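Hi,

Here is the structure I promised to pass on.

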Amino acid sequence: MSKPKFHVVIVGAGLGGLAASIGIRRAGHRVTILEQAGQLGEIGAGVQIPPNSSRILRRWGVLAAIESHSTAPHDIKVRSYRDGQVLQAQPLFPYCNEKYGAPYLVIHRADFHAVLVEAARREGVQIQLGSTVTKIDFAVPRVHIRDKSSLEADIIIGADGLKSICREEMLGRKDPPHLTGDLAYRITVKAEDMRKHKDLVALADNPAINIWMGPDSHVVSYLLKGGGLYNIVLACPDNLPELVNTAKADLQEMRDFFENWDPQLKIILGMVQETSKWRLQNSHEMYRWSHPSGKFALMGDACHATLPYLAQGAAMAVEDGAVLGALFEQIAHPSQLKDLLLIYERIRKQRTTKVVTGSTHARDIYHCRDGDVQQERDRQFREEEPFEGFPNRFSDPVFQPWLYGYDAYQEAEEAWRTYLRGRFPGTTTSFRASL
C-alpha cells in the first residue's frame, strides 16, 4: 500500500521554516511556506553550525554548499577578560569530524539562509512571499492571509519566530517576548584591517572561537567569510529604554563599558565605526507545542527561543525540521497525523528545554563578577581535566556528546518504532493503521 501524501503549510521562511520544508518535502509531501516579507533575506552576522546540525545538512545534500561559505574553527578558547590569557581550549577541528562524524562550522547568517532557500526551491517547496498570516482555523486547518485568499492544508507548522502570531493564535492571547536582562552589540570588522595591528594578527589569522568571560558580560568572536571578516558579539546588561528593542549604539558608551578588558579587544572596539545593540529576548516555556486538533504545531523560536550562550538556537530549529521530516517519512495513514505531531513534540521538547535552561545557566558561568567564585572557575579551567558540570559546557564529557552526538533522524525513527509497538505514551490506537 502506497503511503499517503499530505500538504503541509509552514508559516515563516527563516532558518527553521526552511529546514522543516526541506525535511518534509524530501519525505515526499507537498510543502508551501508563507513568508510575510516581500523578499527573502536574513539580517545579522555570524551563526554557528555544530555537528548536531551539520550532520543533518549533510544528509540533505547541502553541506558542501554550506562549507563553501563557512569557516571551520580549530577550537574554542576561553579567555580571561583582563588580559586575554587563554584559560582553557576545546578542540573543534578535526576533533568534531573524528568524534561525531560531522564538522563544526561558522557562517554568515545571510549565506546560511540563502543556501537553505536554494535547497528548498530545488526540492520543490513553494515559497509564497508577502503573505502575513492573521488568523488560523485549527479545526480545518486553514490560515487567513492579509489581503489574500485563505489557504487550507493537512498540517500547519508555525515557524514564525520569537514574535510568533501562530503561538498567540494557539494560546488564544497575546504572548510578547519577555526580557532577559541582556543585550548584544553585533560587530563585524575586516580581518585585513586587524592585521595592520601587530597585537591582533594572531586573532585575525587563527580560525578559533574566542570567548572572553567577564563581570556581567562576555564577548564571543570568530572569523567569517573564509577569514575575511571578524565577527564579534558583546553581551552585556540591557540598558535600552522600555519598548525599544534595537537602537544605534553609542560607541563611546560601548568602549567605556569594556575599558578594563583585554587590550586586544579594546583595539578591535576602537576600529568600529558604527553598530547597533539588540535586546536579547526570550519566551516562556510552553506546556504544549501542538494544538489539540492534531493539525498544527510550533517549531523553532516560536516555541523554544533561547539565549545564544550555547550557540544552539539555529541548530535546535534545524533539528526540529529534521525530526518532522523523519516522522513524515514514516507515516502510513492520515489517522496518524495527530500522533505524529505529539511524538515530534515529546521527543523535541525535552531536549530543547535542556538547551534553553542550559543557555541561561551558561550566562551565570560566563558573567561571574570578580571574587572567589570567578577565581575558582578560572582555576578549574586552568588546572582540571573536564568533568561533568565543567564550567566550559562545550568540554563537559557528559554534556558535549549529548549535545553534539544527537542524531535527529535516528531519534525520530526510534520513537516511531516505539509508537508502532503501541508503547509511546499519549498516542491513540492509530498506530494499528501501519499493521
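Before anything else, please keep in mind that this is a predicted model.

Let's start with helix H14. What covers its buried residues? The cover includes strand S4 (75-80), strand S5 (86-91), strand S13 (209-214) and helix H13 (337-366). The buried residues of H14 are Gln374, Arg377, Asp378, Gln380 and Phe381. They take up an arc of only 155 degrees around the axis, which puts them on the same side of H14.

Next, helix H12 (residues 313-330). Of its 18 residues, 15 are buried, so H12 is largely enclosed by the rest of the structure. From first C-alpha to last, H12 reaches 27 Å, close to the 26 Å expected at 1.5 Å a residue.

Two helices that pack on H12 are worth a look:

- Helix H2 (residues 51-59) packs against H12 at an angle of about 40 degrees, and the two axes are 9 Å apart. With that angle, H2 counts as oblique to H12. The crossing is left-handed. On the H2 side the contact involves Asn52, Ser53 and Ile56, which meet Ala315, Met316, Val318, Glu319 and Ala322 in H12.
- Helix H16 (residues 408-420) crosses H12 at roughly 40 degrees, with the axes coming within 8 Å. Here, too, the angle makes H12 oblique to H16, but this crossing is right-handed. H12 contributes Glu319, Ala322, Val323, Ala326, Leu327, Glu329 and Gln330 to the contact, while H16 brings Ala408, Tyr409, Ala412, Glu413 and Trp416.

If you click through the residues, note that Glu319 and Ala322 of H12 turn up in both contacts.

Last, the glycine. Gly41 sits in the loop between strand S2 (30-34) and strand S3 (46-49). Is Gly41 buried or exposed? Its relative accessible area is 54%, and the cut-off for exposed is over 50%, so Gly41 counts as exposed. Its C-alpha lies 38 Å from that of Leu87, a residue 46 places away along the chain.

Cheers

Conventions
Residues are numbered from 1 along each chain as its sequence is written. This is a predicted model: local features need pLDDT of at least 70, side-chain atom pairs count only at pLDDT 80 or more; totals for chains, interfaces and linings use all residues. Side-chain values use heavy atoms; hydrogens and water are left out. Buried means under 20% relative accessible area, exposed over 50%, partly exposed in between (1.4 Å probe, protein chains only). Helices (H or I, at least four residues) and strands (E, at least two) are DSSP runs, numbered from the N terminus. The arc is that of the directions from the helix axis to the C-beta atoms. Contact means heavy atoms within 4.5 Å. Axes are lines fitted to C-alpha atoms, for helices over the stretch in contact, and angles run from 0 to 180 degrees between N-to-C directions. Angles under 35 degrees count as roughly parallel, over 145 as roughly antiparallel, 65 to 115 as roughly perpendicular and the rest as oblique. A crossing is left-handed if the near helix is turned anticlockwise from the far one by less than a right angle, and right-handed if clockwise. The expected span of a helix is 1.5 Å times one less than its number of residues.
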